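Dear colleague,

Please find below the structure that I am handing over to you.

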Amino acid sequence: MTRQQINDKANDLLSKLTLPEKVAQIMQLSYAHMDEKERRMWIERGIGSLLHVMGSDAQRFQDMTLETKHKIPLIFGIDCVRGHAMNPKATVFPCCLGMASSFNTELVERACEIAAREVTEDALHMVFSPVLCLGRDTRWGRVDETFGEDPYLSGELGAAMVKGYQGNGEMRKDTGVIACAKHYLAHGESMGGRDSYDVVLTHRKILEVFAPPYKKVVDAGCKSIMTAYQTIDGLPCTANKWLLKDLLRDEMGFEGFVITDWDNTGRLVWQQFASPDMRHAAKTAIEAGNDMIMSTPDFYEAAISMVENGELDESVVDESVLRVLKVKLEMDLFGEKRSQFHNIKNPSMACEEHLKINEELTNQTVVMLENKNNTLPLSKDIRKIAVIGPNADCISSQYGDWTFYTHPLPDFTKVPETVNITIWDGIKSIAEKSNIKAELTKWDGPVSVYYRGEAPDPNDIQSLHRAADTSDIKNANQNLPDINKILKNCEGADVVIAVIGDDPTLNGEERDRANLDLPEAQQKMLEAVKEAGHKLIIVGITGKPLTVKWAKENADAMLWTFCPGAYGGSAVAGVLFGEKNPSARLPISFPLHVGQLPVYYNQLPGWHGGKYIDLPKESLYTFGYGLSYSEFEYTGLECPGRIKAESTEDINISVTVTNKSNMDGTTVAQLYFRDMVSTISTPVKQFKGFKRVFLKAGESRKISMTLPMAELAIIDHNLQRIIEKGTFNLIVGDGKYLEKEFTVV
Ligand code: BGC
């Protein structure tokens, strides 16, 4: 269909709808939170969308819409932030922070194409992804959903995801689904790391740091954007016209529809006290620029009554209806997509090809943080390995939040119905074929960690899950594991592998933490093993960075991977035994202590005194850090010395990279710059490019990278994006960096 045909058809449909039908068309309600009678009532009213339903249940309701007067198909939305993770039968990729550690846009795009195919087979059309929030305050519970702390990386990976879900350019005919970038805007910046609290930001800072990733997904054609829960400078995002209209539509050129987050409209009344009642909240939300209202059933009567009383102009509702209808038409929901579920001849859910991509991506998410005295890869002479710790054999910790364990309703009795390899599985499998004795000590510590197939009473778990995080931590600190038993099992081991971290009760939505230390039980275990004189290898499985100073100082080697999912075990074991050379880098900095937060790398210079009196200012591990078994050398950095400020061409940069070791490996070439003098104080370093480069042992290659001219711009105090003349320092490398100046004239 041409653009014109889509417009005409959408307008034609709109002209046939009554006011209540229009209001219903721009609503999305949760299937899981309604009974069958309510669901049918909403279908009869002509609701436009449902969320959290899949497969034959979804298709049943889609088919029901064929019986309605206007036969306008439903959009089914799902939280598919890392593959179709709410379905235990589907391919569940590492969490987004894990995926970001790969610095691999191609594979991330491919993963999202797979996710799109799998949700399509479940009759669904919209994925609430990518998440473009920045993980700059790691106390926030939802850091696992982000691509880390850097706006450039988030924008690049977000755009790759949009292309994967929807298609590159046009919506993919068969398996394209609507991407929904969220949470617009700066949801991760809430004060104190408190989810959905107030964010204090200026318009300038928004334009400089938080809007650019959205601009990239808009340019990639993203069809929907989700409004954040929180306020910015006291104004709820749901009510922020400047954000939703001026910036998003007028400046960035967004053409899709805006959807609220869960009951954002209701929250204007009951949580943010910004509207006196639901009627006014409905008017505020829709006038501010929200097109689809998620999970606020009362919006229906409220919006109708506002229009009928002349307090809300019907044309505002019409605009939103049109936007929703256009996307439905663009994605062919009136055609084949609508009956996709019945037509799938060769289901691909978790097929070999999808699992293979998942495995490949997961292999690229293991970050080697420490490797003292070349402890890794494990020596061929090793005869006995002791494997300990709560995350050694715990698939739910590997999966984490926004998987079937936690959504639509928490249920830790569920098990993945496709390949899943715990860290223990991975180690055991390589140890067996290498004739090494490996022994697992089952964790008998706190109950906030769940074992595959041995979940405790679900009622207990669910109540624990719902409990405030403080009580979770208290729980995690009580019931210390039997340390004597652990030590006994470690006797005679050449190496002890301690798999530690957090779990879905300690990270995820509504699970912000004020303390980022390891639970006491785990810390005590590590110290006891060290004190007994063992060689200690630590493997961290978490949803975000923790404060692990002791581990850094005392581990002989340390690997870290953020909720790696199904293939976490084989990926980690592959690195431990040297079958794989680690190639992941940190997309986020680790604080040394929670009191240092924020520790993101791209801070402004200029701190009187330059440090705390009781803590250094440096993070424990910084953005971009990660070791390899290979040794890479960067030489011969080249770039033009003088560049015209008016130039619109990319700046071409080249550098020679050499693998000086006898092991093939991948370096992540990272490009940063510093604007040496500008009217606005700019960060000490800004990340602006990356390239994964595979080099055979001894190989040397000249690589090229580009720095788009527009990336040099600052947002000045008049909120103008301008390129100022002057000197810039180019910084390129991986761990060690070369620098070269260039001047904008
Ligand atoms: C989350 C969103 C999610 C929505 C629907 C909200 O609580 O903030 O990220 O997409 O629920 O599940």
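Predicted model: local features only at pLDDT ≥ 70, side-chain atom pairs only at ≥ 80, totals over all residues.

Helix α8 covers residues 203-219, and its end C-alpha atoms are 21 Å apart, whereas a straight helix of 17 residues would span 24 Å. Where does α8 bend? The bend, of about 55 degrees, is at alanine 211, and proline 212 follows within four residues. Several residues of α8 are buried, among them Ile206, Leu207, Phe210, Ala211 and Tyr214. After the helix comes glycine 221, which has a positive phi, near 95 degrees.

Arginine 204 also belongs to α8, as does glutamate 208, four residues apart from it, about one turn of the helix. These two residues form a salt bridge, with 3.1 Å between the closest N and O atoms. Arginine 204 counts as buried because its relative accessible area is 10%, under the 20% cut-off.

Is valine 200 buried or exposed? Its relative accessible area is 57%, so valine 200 is exposed, the cut-off being over 50%. Together with Met191 and Tyr197, Val200 makes up a nonpolar patch on the surface, and the accessible area of the three is about 290 Å².

The structure contains 42 salt bridges in total. One of them joins arginine 39 to glutamate 36, with the closest N and O atoms 2.7 Å apart. Both residues are in helix α3 (residues 36-45), three residues apart, which is about one turn of the helix. Arginine 39 is buried, at 12% relative accessible area, while glutamate 36 is partly exposed, at 28%. A network of salt bridges links Glu36 and Arg39 with Arg40, Asp57 and Arg60.

A further salt bridge brings together the side chains of lysine 437 and glutamate 439, at 3.3 Å from N to O. Lysine 437 is partly exposed, with a relative accessible area of 48%, and glutamate 439 is likewise partly exposed, at 28%.

Finally, an open sheet of mixed pairing is built from five strands, in the order β19-β27-β26-β21-β22. Its edge strands, β19 (642-643) and β22 (686-695), each pair on one side only. Strand β21 (residues 665-675) runs antiparallel to β22, and nine bridges connect the two. Within this pairing, glutamine 670 is opposite phenylalanine 690 of β22.

With kind regards

Key
Residues numbered from 1 in each chain as written. Heavy atoms only, no water. Expected span 1.5 Å × (residues − 1). Bend = angle between axes of the 7 residues up to and from the residue. Buried < 20%, exposed > 50% of the residue type's maximum accessible area, 1.4 Å probe, protein only. Pairing = 2+ DSSP bridges. Patch = residues over 30% accessible without salt bridge, like charges linked within 9 Å, V, L, I, M, F, W, Y side chains within 5 Å. Areas by Shrake-Rupley, 256 points an atom, 1.4 Å probe, with all protein chains shown as cover. Salt bridge = Lys/Arg side-chain N within 4 Å of Asp/Glu carboxyl O.
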